Amino acid sequence: MILVKELRQRDRRRMLKHFLGLEHSDRLLRFGSVLPDEQVTNYVNRIDFSRDMVFGVYNRMFKLVAVGHLAFAPRDEHSSVTEKEGVAEFGLSVSRSARGLGIGSKLFERAAISCRNNDVDTLYMHCLSSNKTMMHIAKKAGMEIHRDYGEADAYLKLLPADPASVLQEALHEQIAVLDYTLKANKRIASKWLNRLLGRK
């Protein structure tokens, strides 16, 4: 089961480690250019958790292997696709070791339902046309895709929120938080035991 958890300020360090661990080709696909470590660090430090939403997937070793960033923005540049006050742009990255498991699609699904529940009816993705993973996710979701000069813009119109969507998001987050807590406690216990055995 792939559990997607909303990330908070306390996860920033692990987010940075995840992004710095991306190979140059993966940074190109995620950011549109091969950002140096300093710019990647600045990007992570500038994420405003009070405005945007960030989601992540932790593996069984309590390693953050995927991050999805849902950034809310005014509709100025997207007035032709929505009448709401704003749109949400989504970007994601998955560590090489965790690919092929459907994690990217799960992150996208979580982002889409969060948009619905935050009164946003348009989910937007911008990426290089060569980003096969993002293009696959966009096509699978039925997004309207526009390609131009090696780049692609994809839009997905979303249904309004309803009791089922609100309950679904809340339930998924509760399960993910429980899983996160169990993994964190297991890691703490393992470190404590290793220290104890080391003293012996």
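At what angle do H2 and H3 pack, and how far apart are their axes?

## Helices H2 and H3

H2 and H3 pack at an angle of about 40°, and their axes lie 13 Å apart. The axes here are lines fitted to C-alpha atoms, for helices over the stretch in contact, and the angles run from 0 to 180 degrees between N-to-C directions. Helices (H or I, at least four residues) and strands (E, at least two) are DSSP runs, numbered from the N terminus. This is a predicted model, in which local features need pLDDT of at least 70 and side-chain atom pairs count only at pLDDT 80 or more, while totals for chains, interfaces and linings use all residues. Residues are numbered from 1 along each chain as its sequence is written, and side-chain values use heavy atoms, with hydrogens and water left out.

H2 and H3 are therefore oblique to each other, given that angles under 35 degrees count as roughly parallel, over 145 as roughly antiparallel, 65 to 115 as roughly perpendicular and the rest as oblique. Their crossing is left-handed; a crossing has this name if the near helix is turned anticlockwise from the far one by less than a right angle, and is right-handed if clockwise. In this pair, Arg27, Arg30 and Phe31 of H2 meet Asp37, Val40 and Tyr43 of H3, where contact means heavy atoms within 4.5 Å. The residues of this contact divide into three nonpolar, no polar and three charged. In this division Ala, Val, Leu, Ile, Met, Phe, Trp, Tyr, Cys and Pro count as nonpolar, Asp, Glu, Lys and Arg as charged, and the others, Gly among them, as polar.

## Helices H1 and H3

Helix H1 (residues 12-20) packs with helix H3 (residues 37-46) at an angle of about 150°, with the axes 10 Å apart. H1 and H3 are therefore roughly antiparallel to each other, and their crossing is right-handed. On the H1 side of the contact are Arg12, Met15, Leu16, Phe19 and Leu20, which meet Asp37, Val40, Thr41, Tyr43, Val44, Asn45 and Arg46 in H3. The residues of this contact divide into seven nonpolar, two polar and three charged.

In H3, the buried residues (under 20% relative accessible area, with exposed meaning over 50% and partly exposed in between, for a 1.4 Å probe and protein chains only) are Val40, Tyr43 and Val44. Seen down the axis of H3, these residues fall within an arc of 95°, so they line one face of the helix; the arc is that of the directions from the helix axis to the C-beta atoms. The face of H3 turned away from its buried side carries the exposed residues Glu38 and Arg46. The buried residues of H3 pack against H1, helix H2 (24-31) and strand E3 (64-74).

In H1, the buried residues are Arg12, Met15, His18 and Phe19. They cover an arc of only 115° around the axis, which puts them on the same side of H1. On the other side of H1, Arg13 and Lys17 are exposed. The buried residues of H1 pack against several elements, among them H2, H3 and strand E2 (53-58).

Helix H5 (residues 132-140) has Met134, Met135, Ile137 and Ala138 as its buried residues. They cover an arc of only 160° around the axis, which puts them on the same side of H5. Lys132, His136, Lys139 and Lys140 are exposed on the face turned away from the buried side of H5. What covers the buried residues of H5 includes helix H4 (103-117), strand E5 (122-128) and strand E7 (151-157). After H5 comes Gly142, whose phi is positive, near 80°.

## Individual residues

Tyr124 lies in strand E5 and is buried, with a relative accessible area of 8%. Its C-alpha atom is separated by 9.4 Å from that of Leu70, although Tyr124 and Leu70 are 54 residues apart along the chain.

Asp119 has its place in the loop between H4 and E5 and counts as exposed at 53% relative accessibility. Tyr149 is found in the loop between E6 and E7 and is exposed, with a relative accessible area of 79%.
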